[in-house]
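Work through the two exercises below with the structure in view. Each task is followed by a solution in steps.

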Amino acid sequence: MKVFIIGGFLGSGKTTTVLKLIKKMAADNKRAALIVNEVGEIGIDGSALEVAGIPSKEITNGCICCSLIYSLRVTVSELADIYKPDILIVEPTGLSFPSQIRDELLRINVMMSFAPIITLVDVSRFTSEMNQIPKFVEQQLKEADIIGINKTDLADEEKIQAVETFLKEMNPDAYQIRMSARENESVDKLYRLMMAEGETVFNPIDAGGAEARSIVTEKANSIEVSNISAYSGLYHAHAQGGQGKQEGQGRQEGQGSQEGQGRQEGQGGLTVKDAGALLEQIVTTAGIEIAKLNSSFVGHIKMAVKVDDTLIKVSQTAGPDDRQIEAEYILQEKIENNGEYELRYLSAVTNVKKAALEEIANNAISAALTAKNLTFKKQASEGDLKKPILL
Ligand SMILES: Nc1nc2c(ncn2[C@@H]2O[C@H](COP(=O)(O)OP(=O)(O)O)[C@@H](O)[C@H]2O)c(=O)[nH]1
Ligand SMILES: [Mg+2]
């Protein structure tokens with residue numbers, strides 16, 4: 001089993017790259033399996049990655065390089081036993097130190113080799129990230145074997161060269177590759193690099209070597225080093241005319257004209273387009289409010305909801321000055337919403353307290369849903385939540 005660790009800060013393009021790599025592996029007749037790790041307790045990307053059609057596991061609520069090492073070990077052993085993949089792809093949170101993951105994997109009693117560690121950089125935001133969290137970014141990038149200078153489509157040549165020069169000084173040993181994860185050619189090149197056997201291949205016997213190589217003398221808690229707080233929540237919303245119970249913190253309605261029997265399914269419900277607009281509105285509002293507390297925050301705010309046959313993902317990376325809201329519509333198996341929607345929300349940003357992130361999320365969601373005549377109930381969080389809920 002060959003392990004691919006695809007690191008990089010929040011929003012650097014890991015999931016986009018992983019999805020493309022999975023296609024590439026299928027075309028190359030390789031059996032792949034995937035582990036995705038999300039810092040919030042509610043996973044967002046796992047459900048998008050399910051469409052990739054390969055065995056995948058999501059590990060949520062922390063970082064697999066620090067607090068969730070045990071889950072990582074169990075999950076890797078299980079995947080290796082059951083599916084015997086040729087390649088295991090690991091997408092850690094944007095807050096992890098990838099070589100710590102490699103060091104941990106070397107302790108598992110499964111024969112494996114490692115592709116070079118790739119760390120992606122969003123070239124268009126690199127400067128703001130260095131300003132906000134220099135120590136963290138440096139540590140993450142110093143551990144990379146390959147640095148993927150990603151999103152080159154969003155930056156001019158001068159900017160790209162400046163980042164390359166800076167990174168060459170920071171990590172002279174890393175091989176740099178320019179890429180745009182949205183384009184197949186870049187990912188093809190990356191795949192070839194990662195499949196090439198070479199001196200960066202480790203196996204369990206090399207464990208001592210891997211430890212000696214680590215730049216972290218004492219294992220660092222990457223989330224602490226990052227100065228990032230994360231808040232995530234799962235909100236059950238229902239439309240007037242939907243069939244859910246009406247309780248919780250949402251606006252109490254239900255006296256509407258459509259009460260009673262014989263309602264048509266989906267009446268008062270959301271279309272895919274409505275839901276996309278709603279998510280964009282919530283993410284925009286949250287972004288503005290977070291920027292009031294830290295105008296140069298970096299990180300991301302993400303939401304996901306499934307409506308009919310479409311998984312809608314909306315994300316904003318970085319603050320309103322540099323606002324880029326992205327929406328993705330991913331076709332999946334059709335579900336019957338019956339006016340019920342599971343909204344997933346995740347924010348992970350620099351230098352804002354978690355309590356403030358939670359309040360901002362609740363307010364933005366409440367305002368947007370109420371305006372759409374949707375009531376909602378927030379899923380109990382933190383310790384109350386026994387296991388992550390997947391869409
Ligand atoms: N323009 C552009 N956008 C990209 C590129 N790679 C990723 N993105 C977008 O950046 C956002 C974050 O990407 P994602 O893969 O989710 O990042 P992750 O948080 O590292 O997994 C998404 O909206 C992607 O579509 C790229 O090369 N160019
Ligand atoms: Mg991701």
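**Exercise 1: a helix and its faces**

Task: in this predicted model, describe the span of helix H11 (residues 272-293) and state which of its residues are buried.

Solution.

Step 1. Helix H11 has 22 residues, and from its first C-alpha to its last it reaches 32 Å, close to the 32 Å expected at 1.5 Å a residue.

Step 2. The buried residues in H11 are Ala 275, Gly 276, Leu 278, Leu 279, Ile 282, Val 283, Ala 286, Gly 287 and Ile 290.

Step 3. Seen down the axis of H11, these buried residues fall within an arc of 165°, so they line one face of the helix.

Step 4. Lys 273 and Lys 292, on the other side of H11, are exposed.

Step 5. The cover over the buried residues of H11 includes strands S10 (299-307), S11, S12 (325-331) and S13 (340-350), together with helix H12 (354-371).

**Exercise 2: the surroundings of ligand 1**

Task: find how many residues surround ligand 1, which elements contribute to the shell, and why the ligand lies between two domains.

Solution.

Step 1. Ligand 1 is surrounded by 19 residues, and the closest are Gly 13, Lys 14, Thr 15, Thr 16 and Glu 326.

Step 2. Two or more residues of the shell come from each of helix H1 (14-27) and strand S11 (310-317). H1 gives the most, with three residues.

Step 3. Sorted by class, the shell around ligand 1 holds eleven polar, five charged and three nonpolar residues.

Step 4. Residues of the shell come from both domain 1 (2-226) and domain 2 (229-250 + 266-384), so ligand 1 lies between them.

Definitions and conventions
Residues numbered from 1 in each chain as written. Chains lettered and ligands numbered in written order. Predicted model: local features only at pLDDT ≥ 70, side-chain atom pairs only at ≥ 80, totals over all residues. Near = placed C-beta within 6 Å. Helix = DSSP H or I, 4+ residues; strand = E, 2+ residues; numbered from the N terminus. Nonpolar A, V, L, I, M, F, W, Y, C, P; charged D, E, K, R; others polar. Domains from an automatic or database assignment. Expected span 1.5 Å × (residues − 1). Buried ≥ 20, exposed ≤ 12 C-beta atoms within 10 Å, placed from the backbone. Arc of directions from axis to C-beta. Contact = placed C-beta atoms within 7 Å.
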